[in-house]
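This briefing goes with the sequence and structure shown below. Please read it with the coordinates open.

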Amino acid sequence: MTSITVPGSTAIERPEHGRGEDYLNCDKGWRSWLLTLDHKRIGVMYMIAITFNFFLGGIMALLVRAELWTHAPGPITTDGVIYNNLFTLHGAIMVFLVIIPSIPAVLGNFVLPIMLGAKDVAFPRVNLMSFHLYMVGTIMLVMAILTGGLDTGWTFYTPYSSVLSSSSVVMAVMGAFILGFSSIFTGLNFIVTIHKMRPKGMGYFRMPLFLWSIYATALIQILATPVLGITLLLLTVERALGFGIFDPKLGGDPVLFQHFFWFYSHPAVYIMILPGMGVISELISTFSRRHIFGYRFIAYSSIMIAVFGFLVWGHHMFTSGQSELVTAIFSALTFSVSIPSAIKVFNWVATLYKGSISLASPMLYALSFLFLFGIGGLTGLFLGALATDMHLHDTYFVVAHFHYVMMGSALVAFIGGIHYWWPKMFGRMFNDRIARLCAIGVFVGFNLTFFPQFLAGTQGMPRRYHEYKPEFEGYMRWSTIGAFVLGISLFVAFYNLFSTLRKEKDAPDNPWGGATLEWTVSSPPPHHNFDSEPTIYDPYALDAVVWNPETRSFEHKKDAGLLEESGEGAEHA
Amino acid sequence: MSSILPASVLAQGGGVWFPAQASSFGPEVDWIFHFILWLSVFFFVLIVGLMTYFVIKYRRRSEDEPAPVGPTHNQKLEVTWTVIPTILVGFIFWFGFEGYMDMRVAPRDATQIQVKAKTWVWTFVYPGGQVSDVLYLQKDKDYQFIMSSADVLHSMYVPAFRLKYDVVPGRYTTAWVRPTELGEYNLFCAEYCGKDHSRMNTKTVVLEPDAFEAQLKKLAEVGSPIEYGRRLYDGRGGCKACHSLDGSAVSGGGPSFKDLYVRERTTNPGGTFKADDNYVRESILKPQAKVVEGYPPVMPAPAGLSDTDVDALVQFVRHASEVGPVAGTADDPAAKGDQGGGGGGDAKDGQGGQEGGGR
């Protein structure tokens, strides 16, 4: 890959750009996009691809919800296999193509180097390769849908996936395998960038917390994802070549697959939620105009989550037949991971104290996050406790719980982050009134969809059911109504953003009053991010940023909020 | 059609959160659930309450409001809100662990019932040899389930018992229960197992001792081979999910039994021929031996079918092909529990063998 000469790279040698030239208009043509080495353009391409996949997965979700309007098969399909395809593809698309790459690949790519005052990530060509691998993986998953579907559930449990299923398992699994490499390379790039490219004066404890969370995420990406790759290869070998690894008829062990799978996929839950937590730290601080409360506790808790996240995979398997001793140990370890999440929530709430709180749309998403993550996190306690999990495992309670965390928290943080950085990315302000209405619609629709599922679950409705007992119909109908409210709100929210691309650039450099470095460059940023040596500010010195009514933008006060080179936390490692 | 309000659930004796308790696990699980619930409600109200209060009290009143300066950290406070939740989750772990150990350790004198799962039917085999596709249990007696799967993962779930455990191919897993309330309860498959996962349901029926004994006797009665074969087809034989009787295709399933003995078929291996009794018998016992072209080789091997069962199935399939189906039993789900499901005599030993094998 590195031996290829990339046309876009010539731009890097170009000495100066003219006035009004930014990363969006400095080069034209599709090659300048598809072969670009600019982290900002790569981030934008990821955003377009992920938004598309998000709506693809969302349509699957709406079809599932519409189907569940009645307890008998219908109205969407009377065919169990088609229904199984719908929920599998919804899960696989949302997990592998949307949530895992969402915040790191879009927002991380776009703002991480600028937050560090750097020109690009450490390995721009590897970064481009990550994106190309993502596209290859996407195409393979879509091919699997078109050539035979996928009906194994996103978890690919054996021996159903390796023996019984007649869908395109191998194609889909190889797609997920390739997506894994995309994720690993992105993580590697971010770790090196954060280690080697911090500016003078920015010690680890002077970084924006978003970078801490991206760093913790990247650690998980490079340590856990290879295990997924190996597991999926073993599954392919069993299915295609008949090697007995997981199928007991060939001498394999199906529970082994579950261990392998969750050894990746539980840490992957933190790949999904940690970046969201990073976004929330930035949003709460900026929109309260307050220094984040308890910086060190939040930073350390990210690392604690990354470490503990590796030790709890067995809690997906309390009823699987694993031994009682192992089950008890995993339950105890599971509770350890709840503590750092609780710490973060308390610190965010404390940041609001005595703030100057604005309720612009990104902040509404951040406050939604606190509410939804509160429910998502607390309902995890019921599933971590062994006696209650015996009843709740594999019911709609679990479905509701992980949607509160994955969708209500991770994706809501992503959408909040997209709104927050949108003016920076494209230099255009969106209609904040519509955006706020959509944020409320997302919040209401989300709760309407998923709260009734907790009740369906405790009442005993198993997940992945195409037809179900009539007594659950009430819950399912509330849920379906909510899903459409949610779907429409999300569609309008994204339309509201993308429709700004038709108008003239009108965004000021710092519309919200953020103190991190990306708000000191123009909107959209210049091709090289900084035209001259950047001034490095303290990311949480919000009092150094003041409103300028003439430019309708926030600006740093002269010589205020600078990161001193000495002092606590400024040490370089 | 039920309304939007889940009144039908409440009418069955359950609460807002749980269905009625019908086993000795019920009180313990529900108590722990409610302990965690009220703890969670307390913290949730605290977090969201403070958040709402701060947002209202400290809302920004003008665009150029200067950034306020407040505390940036408070070690004592932060340590407090680390330590208190740690202690509380310690309690939650302990209560959950205690309840779990009660659920995992069966009493020594529990009656053992074999639970056999295959796509997409449950079969229960009693110590006397009786076989049933409905789980009949006697009230206030201890039962241990010795569970095995013929093909993929399944999971036996009885919400009213608060009991769930996976059924894993290639090994035995166990669970136990003491039913405490008479009644009829749902038994679900909770682990995704393919096409008809959501139809892999049956009932568990808790009976008084007399009624239970009478039911075991009834299970041992067989009836004519063709009628018995039809019951197997509908019930624990599991044929119905994939093979129609009227010639219609089942998506993801196998060929219809209509005209099976009349039309030529091409199988791989095996070539082209007309079906006969021996072909049908082989296809039941070794499903992958001769697979009809155009169908995936996905039929599971039989689980818990005796020689008597196979004979009856072959006779039924021939009858269905040549004459047409006999009266069905499972089309009316309400009737399924009453007429003892598929019934059947496993001719190995015990009562079932004595009574069923006499034909």
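The model is predicted. Chain A has a mean pLDDT of 91, and 95% of its residues reach 70 or more.

**Confidence in chain A**

**Overall form of chain A**

- The secondary structure of chain A consists of 17 helices and 2 strands.
- The radius of gyration of chain A is 23 Å, which agrees with the value near 25 Å that a compact globule of 573 residues would have.
- The C-alpha trace of chain A spans about 70 × 55 × 45 Å along its principal axes.
- Of the 573 residues in chain A, 62% count as buried.
- Among contacts in chain A with a separation of 6 or more, 82% join residues 24 or more positions apart.

- The buried residues in helix 3 of chain B are Val89(B), Ile92(B), Phe93(B), Gly96(B), Gly99(B), Tyr100(B) and Met103(B).
- Helix 7 of chain B (residues 307–322) has 16 residues. From its first C-alpha to its last, helix 7 of chain B reaches 23 Å, close to the 22 Å expected at 1.5 Å a residue.
- Buried positions in helix 7 of chain B include Thr308(B), Asp309(B), Ala312(B), Leu313(B) and Val314(B). Phe316(B), Val317(B), Ala320(B) and Ser321(B) in this helix are buried as well.

**A sheet in chain B**

- An open sheet of 3 strands in chain B has the order 12-11-13, with antiparallel pairing.
- Its edge strands are strand 12 (271–274) and strand 13 (291–292) of chain B, each of which pairs on one side only.
- Strand 11 of chain B (residues 264–268) pairs with strand 13 of chain B over 2 bridges in the antiparallel sense.
- Asn268(B) is opposite Val291(B), which belongs to strand 13 of chain B.

**Cis peptide bonds in chain A**

- The bond joining Gly74(A) and Pro75(A) is cis, with omega about 5 degrees. Pro75(A) is in the loop between helix 3 (39–67) and helix 4 (80–115) of chain A.
- The bond from Ser523(A) to Pro524(A) is also cis, and its omega is near -10 degrees. Pro524(A) is in the loop between helix 17 (473–498) and strand 1 (545–548) of chain A.

- Arg552(A) is not a glycine, yet its phi is positive, at about 50 degrees. Arg552(A) is in the loop between strand 1 and strand 2 (553–556) of chain A. Arg552(A) counts as partly exposed because it has 14 C-beta neighbours inside 10 Å.
- Asp140(B) has a positive phi near 60 degrees and is likewise a residue other than glycine. Asp140(B) is in the loop between strand 4 (135–138) and strand 5 (143–149) of chain B. With 13 other C-beta atoms within 10 Å, Asp140(B) is partly exposed.

**Surroundings of Thr236(A)**

- Thr236(A) is in helix 8 of chain A (residues 209–241).
- Thr236(A) has 18 C-beta neighbours inside 10 Å and so counts as partly exposed.
- Beyond its neighbours within four places in sequence, Thr236(A) is in contact with Val170(A), Val173(A) and Met174(A).
- The C-alpha atoms of Thr236(A) and Asn347(A) are separated by 45 Å, and the two residues are 111 residues apart along the chain.

Methods: Residues numbered from 1 in each chain as written. Chains lettered and ligands numbered in written order. Predicted model: local features only at pLDDT ≥ 70, side-chain atom pairs only at ≥ 80, totals over all residues. Helix = DSSP H or I, 4+ residues; strand = E, 2+ residues; numbered from the N terminus. Rg over C-alpha atoms; globule rule 2.2 N^0.38 Å. Buried ≥ 20, exposed ≤ 12 C-beta atoms within 10 Å, placed from the backbone. Contact = placed C-beta atoms within 7 Å. pLDDT = per-residue confidence, 0-100. Expected span 1.5 Å × (residues − 1). Pairing = 2+ DSSP bridges.
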